[in-house]
Every structure is written in structure tokens, then in C-alpha cells.
Amino acid sequence: MTSRATRGPRRRTVAAFGLVLVVLGAFVVRLVDIQVVHADDHIAASLKTGNLGSTVTIAGNRGSIVDENGTVLASSKLVYDAQLDPLVIFQLEDPESETKPKMPWAEASDRIAEVIGKTGDEVRKVVDDARATNPNSQYAPLAKGLTTAQYLKLRELKLPYLAMPSRSVRVYPNGAVAGNVVGFLNGDGKAQYGIERMDDSCLAPKNGERSYLSGTGGVIIPGSERETPAVDGGEVKLTIDSDLNWYLQQMIAEEAQKQGAQGASALVVEVKTGKIRAAAEWPSLDPNNVGATKSNYWTSQIFSHTYEPGSTFKAITAATLLEEGAATPGTVVSASSREKFPNGAVINDAFSHPQNNYTLAGALIDSSNVALSKFGTKVSPQTRYDYLKKFGVGQKTAVDFYAEEPGGVASPEKWDNQSLYTTTFGQHFTVTAAQVASAYQTLANGGERIDLSLVESCKDAEGKEHAVKPSTERVVSENTAAQVRRMLENVAVQGELANTIKVPGYRIGTKTGTAQVADGRGGYKPGVYFTSIVGVAPIEDPQYIVMITMDQPTRITSSAATAPALQKALTQVLKTYRVAPSTEPMDALLPKFG
């Protein structure tokens, strides 16, 4: 029988033990709550307040820009910049530190050096120099631009004082080929010009992040790591053929310099689709070396430079007259090389000639300003204005290129005595080369405009392709378009540049333009011109529009400066796309005079 004396201590022992179990149980419950039940919440809170938490951005790759055949024009690669934390290294190497490194600094520095191509002494000097400058330094840059392979090797070392933030580097494998169209990024990786900026929403990646908690000495606490993966940007596919663009860039640069021009371009549009197959420019931009090009050529002049088109828009005046039934190709007006009109306006032709009875076709062949002025008055100013707008004057193309200019034309009530006539032959309004090419695409495509396009599609990170679908609009009838094309062929055959622009085996249509250059004070610069020429081939079944421009050539100042470039460009385009030679003979020549 147990005595009362022995039962007392035993009860106290059991009670004490029970109390210990209760306390221990409370700790266990709390520990489970912290590390299991609400672990994510506590980690998030810790990271948010900066309490022992670290977050590292995981950079995604910016998407590529490719041409119609998949040739890469712009791509990105990830590189890594290694940096050390001298303070953590010092703390871990301290003999009195309770936390010992898994790898001594002497060994670790040698292992790092092997990967980055330095000696162990050089790596250790980086840390020593940083501490000499600031004993509490936590940042010492070690190496920039490390490859993914180097990153993985260094990561395997699991060194708490080694950080390797990634960054994306943009590269342009084809250099200046279509560089003005492709565009570039600035030093901070922000899209600045061209497709890079236009389609930034498709190309831009979504960065991820890796977060973790660290204890004394920067050691990562097991189980605290959380990672959100990065999502790479999509791929933008252009309508451009980079090989054709390369050829045209070399050719137009040579021709422009031969003519002493300030700039030049060669634009190719596919008639049946409205797709831009080449956009060559000089001076050209190499996105790998932006500083080598003047800033005014950082964007595409094809879309951003406006000018008075001159005689290339005489074809639009002809289309207006034909569509409105105000004239036929054989309708005649009498015109000399200089005439004063009843309202006091004086109009001159570019060459001296006697009074001629010009047909509409003949006025285009000789490019007579006086004759076109008289033809133009056969319809109202409002009607001519409406057709200029229908053909795209004063509005950006559907490409909506970065920094694209819309050009402009004043409403008829603002036309003065002179501009009442000059608007019939391409003056007193402005366009871009892209707008002119679009107008001719309309005429070549039976009077139906198909929106110009430069981007074929965007392929997102999941591989789904989002194609660009251009819209169409009828501007003039098929009959009107066919009659204008026939007149353009007569220009090619009977015009003064016929021998220069001839493409053996093919029937073509052309029209030149020689426009005065505005001086910025309401007048024109004396003796200088912005010259252009448009070609349509083959004219009996149009497949391609080629537009050549030259800014203020000095050797030959007329549109004749652009003729050799058109001939070379048309020849190359027809060969590149294997367009069959013409088999149908030309219809009888239209009469120049009545």
C-alpha cells in the first residue's frame, strides 16, 4: 500500500510531465502552422517586408523578328552578370563564425575562376579591392555577359555570396538588311523604332522571379524557395524577303551615290496581296550600330518622309476623269508649254513645245502639266479632292508604321488660283512613297485596294499564330483601272526613258515624278527636286509594284535619275519570284496627239 508521502511527489511529477507535454504540443502545433499550414503566407510576408527575404528576377527572352522565309532579322539571347558579396564571404570565413561555408573561399575562388576564364588570384583581388574601399561592401562586379553554360556551372557551386542576374541582349544577324524597318532597342532594352516598337506587345517577354529566405551568412533556408517562370516573347514574321531587300539596298545605295542624292529608297509591293516584299533605303540603319547613322534616318523614310508626288499622281487624275466619264484616253485638249489661265494662274511644262492637241494618253506620255491642268477642270475640284482621298492621300497606310506620316491635302475651298491646277499634276499636297505604291497597287489590282501589310503574323509563346488580315476596298472600276494601265504601258514604250527602263521579255507600265522641294517658307528650293518612278509588271497581269525615290539628286536632277534603278529593281523582282515572261503582245499604241 502506497503511503500518502510517496503519492505526493509522484502526482507532482505526473503534473509537471503533463505540463511539459502541453507546452511541447503547443510549440509543435505552432511550428506546423508556421512551416506547413501558413508557410506560403509567412514567406510572402517576409519577402514583402524585406525581412531575410530575397527576390531575383528571371528574365524572359524577347521574341524574334523573321522575314517571310523564316530568316532571323532580330533575336535575343540571355547573358548573366556575375557579382560577389564580399561581406558574406568575410563573415563565412571568420573563424569565430558559427556558420561554416561548405567550400572555403580559396577553393571557391579557384573554381569560379575556371568557369569565367580568370585566375583565382584575379577573383580574390576583386573581393579584396571591394573590401579595401568599403569594409561593409556587399557588391563586387565580377564578370559580365556570361553564357548560359557558364551560369549553370557556377550555379552548381551553390555559393550564397555569388549572384548572377540575367539580362537579355538583342542581336541583329543580318545587320542593316531592312534595318530601318526592323528598328532597335535602347540601352535599357526599351523598343525605340520600327517593328521592334510597333509589335512590342507581341515581342516583349514576361519576366519571372525566384524568391527565397536566407539565414546567417546568406545561406538559403531549405523549403523557402519559390519560382515563377518567365514567359518568352512571341515571334513576328514579316512580309519582307531579306535576300531581295539585301540586293535592293546594295543597288539603291550605289545608284543614289552615283547621282549625288541625299537619300533613296526602293519599295516592292505584291499586287494581289498588298504585301511589302522589300523596303530598301539609303542611308540604311544597322541596328547593331545605331550611332553610325544620323538620327533622321533611324526610322523608315518610306513611311515617314512626305513630299509632293508630282507627275506620278497624273495617273490618279486620269483615273478620276475616266471613272467620272469626263474623258477617255483619246479625249483631246490643246496645250502649249506655258499658259496663263483665266483666273491668272500660270502653268509651265518641264520642256518647251508648241501648241499640241494632246490626248489624255499623250498628256501622260509627255507628262504635260498644262494639258493635265485642262483635263482636270473637266471635273469639279471637290470631285478631284474626293478621289485623292479615296486613293489614300492624307491618311496613313494600314501598316501604321512607327512615326508614319499621313501626308495631307487641303480641302478645295482652300485652293488658290494656282493650286486649283497644280493639284492635277501632283503639287499642293503631300504623300509618302508607301502611299504612292498603295495607289498604284489599286490600279494594278483592277481598281480594288488591298491594305498594304508589312507584318505577316505574330506567333505567341504557346505557338499559336495570329495572322494579319488586310481589308479591301473598291476605289475605281475594273474598266477604269485597265484603261489607266494601258496608258501607263504607253508611257513605258513611248516615253523618253523607254530604252533605259526596258526589261527584256516583259511588258511593263511606268510613270515618273519630279517634284519641287519645299523650302519651309512657303516656297520651293531652286534647282533641286525629289524624284521618283513607279513600275508595274507584267502590265497585262500585274504582279508587282516597284517604287523608286531619290531625294535631291545632283548629277541628273530629273526623274531620269531613278530610271536605271527601276530597271534593275524590276529585273531582280521578276527573277526572284520567277514571274513568267509576257506572252501577250502589246495592244496598238495609243495616240499621243489628236
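The accessible surface of the protein chain comes to about 27,900 Å², and 51% of it belongs to carbon and sulfur atoms; accessible areas come from the Shrake-Rupley method with a 1.4 Å probe, and for residues only the protein chains shown count as cover. This is a predicted model, in which local features need pLDDT of at least 70 and side-chain atom pairs count only at pLDDT 80 or more, while totals for chains, interfaces and linings use all residues. Residues are numbered from 1 along each chain as its sequence is written, and side-chain values use heavy atoms, with hydrogens and water left out.

Of the 594 residues in the protein chain, 49% are buried, where buried means under 20% relative accessible area, exposed over 50%, and partly exposed in between (1.4 Å probe, protein chains only). The chain has 20 helices and 24 strands, which are DSSP runs numbered from the N terminus (helices H or I, at least four residues; strands E, at least two).

The largest nonpolar core has 90 residues, and Phe391 is among those with the most contacts inside it; such a core is a set of buried Ala, Val, Leu, Ile, Met, Phe, Trp, Tyr and Cys residues joined through side-chain atoms within 4.5 Å. Helix 17 (residues 433-444) gives the most to this core, with 8 residues. Apart from this core lies another, of 32 residues, among them Leu244, Ile501, Tyr506 and Ala565.

Glu255 lies in helix 10 (residues 242-258), and it counts as buried because its relative accessibility is 1%.

Side chains of opposite charge can pair when their charged atoms come close. The whole structure holds 20 salt bridges, each a side-chain nitrogen of Lys or Arg within 4 Å of a carboxyl oxygen of Asp or Glu. In one of them, Glu68 pairs with Arg277, the closest N and O atoms being 3.1 Å apart. This pair links distant parts of the chain, 209 residues apart, with Glu68 in the loop between strand 2 (65-66) and strand 3 (72-84) and Arg277 in strand 11 (residues 276-282). Both Glu68 and Arg277 are buried.

Another salt bridge joins Glu196 to Arg170, with the closest N and O atoms 2.8 Å apart. Glu196 lies in helix 8 (residues 194-198) and Arg170 in strand 6 (residues 166-171), so the pair ties together parts that are 26 residues apart in sequence. Arg62, Arg170, Glu196 and Asp200 are linked in a network of salt bridges.
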